[in-house]
Amino acid sequence: MSTTLITNITSLVTNDPERGDGPLGLVEDAAVVLEGDRIAWVGQAKDAPEADHLHDAEHRSAIPGFVDSHSHLVFGGDRTQEFNARMSGRSYSAGGIRTTVAATRAASDEALEANLLRYLREAARQGTTTFETKSGYGLTVEDEARALRIASRHTDEVTYLGAHIVSPDYADDPAGYVDLVTGAMLDACAPHARWVDVFCEKGAFDGDQARAILTAGAAKGLLPRVHANQLSYGPGVQLAVELDAASADHCTHLTDADVDALAQGHTVATLLPGAEFSTRAEWPDARRILDAGATVALSTDCNPGSSFTSSMPFCIALAVRDMGMTPDEAIWAATAGGAQALRRTDVGRVVPGARADLALLDAPSHVHLAYRPGVPLVREVWQKGVLLG
Ligand SMILES: [Zn+2]
């Protein structure tokens, strides 16, 4: 297997405190050796071993590739008009998803896959090397299963979200829809997914329904994660912790008991500031969650309705500017935090044995991702040891 030495890295975020300064394990004047799709060596450039190929980082900084642990990328159509209307004064409600459901059902497999690939490439150009994505715009047995089949060709982190909203076909029979989601739809979807998720929110699924859906998914081998406490206070976060979900996503409206539960459990609080930005909603309070001792991840929630951004750097800038995170905390949350929200140890860190995923920045340090918002600083992306072109 051939090796590549990437050297002349001004400052490298490893997320390994044993390897460098602070929680980010920052190494100055660093180098990394890649071997195949793995990292073989990390340290100071002056100590670097020889390799088959030499790649000069030209004094750029480097970070682990972003781990975007929450997106909704299997969809048809877009929601330009809804966004335009909302920004002109109308409030957001969960019902807008129905527009995308209709467009997704009408789309061919080829169109859905081409759309997914378009946004994956867009995210990769901005430094994302691991991503999760979900179903949730089909809401029939076949449409949910095909969304997961398509997604699973492009990532291992596939989530069954038949419980995104109650299908319009079951508007008068929500209990019947929960039976479908926990029955025939689950049977068709489980083979293509790793995770089961539910939108636990007023107007979507209540705590009892969410528990039934997550428990049924777990019985089929799917691991739980929850859309929790986005639009209002509710049972989602505490249910997520109780079921040892990998992540409670959104966490915008939290009681003290919710924060305590997150601090005591193993469930990551995944914050999705693109959603609050795009709906002019109240920001999640990252500072409060971090100060309580809970783990925070940052993710895009990329979807055509409430957060149509694939940019992790944009989410980092928002988290620092408006959610009380330090630049270091935000970088960690967007890399190692995302990995923890997916229960992965092989991504989100630059350490020997980890996947060879790196983003090189046209900046002297990772802090510039928050300091220079909206500027395309990601210059090079290495994914599984390959420099993306
Ligand atoms: Zn979501």
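A: In β9, P224 has V196 standing opposite it. Before going on, the ground rules: residue numbers start from 1 along each chain as its sequence is written. This is a predicted model, where local features need pLDDT of at least 70, side-chain atom pairs count only at pLDDT 80 or more, and totals for chains, interfaces and linings use all residues.

Strand β9 covers residues 223-228. Helices (H or I, at least four residues) and strands (E, at least two) are DSSP runs, numbered from the N terminus. On one side, β9 runs parallel to β8 (residues 195-200), joined by 6 bridges; two strands pair if DSSP finds at least two bridges between them. β9 also pairs with β10, again in the parallel sense, over 3 bridges, and there A228 stands opposite H250.

β8, helix α7 (residues 207-219) and β9 make a right-handed β-α-β unit, and so do β9, helix α8 (residues 236-242) and β10. Right-handed here means that, with the strands pointing away from the viewer, the path from the first strand over the helix to the second runs clockwise.

What about cover? 6 of the 6 residues of β9 are buried. Buried means 20 or more other C-beta atoms within 10 Å of the residue's own, exposed 12 or fewer, and partly exposed in between, with C-beta atoms placed from the backbone. In a regular strand the side chains alternate between the two faces of the sheet. In β9, L223, R225 and H227 sit on one side and P224, V226 and A228 on the other, and both faces are covered.

Zooming out, β9 belongs to an open sheet of 8 strands with parallel pairing, in the order β5-β6-β7-β8-β9-β10-β11-β12. β5 and β12 are the edge strands, each pairing on one side only. Neighbouring strands are turned by 25 degrees against each other on average, direction ignored; axes are lines fitted to C-alpha atoms, for helices over the stretch in contact, and angles run from 0 to 180 degrees between N-to-C directions.

UniProt positions use the numbering here, feature names are shortened, and annotations may be inferred rather than shown by experiment.

Of these, H70 is in the loop between β5 (66-68) and α1 (80-86), and it counts as buried because it has 32 C-beta neighbours inside 10 Å. D301, in the loop between β12 (296-298) and α12 (312-322), counts as buried with 27 such neighbours. Leaving aside neighbours within four places in sequence, H70 is in contact with residues including E132, D249 and D301; contact means C-beta atoms, placed from the backbone, within 7 Å.

The loop between β12 and α12 also holds N303 and G305. UniProt's unreviewed entry places another "binding site" feature at Y137, N303 and G305. Those are spread over 169 residues of sequence, yet their largest C-alpha distance is 11.2 Å. N303 is in contact with H72 and F308, neighbours within four places in sequence aside.

Conventions. Two residues are in contact if their C-beta atoms, placed from the backbone, lie within 7 Å.
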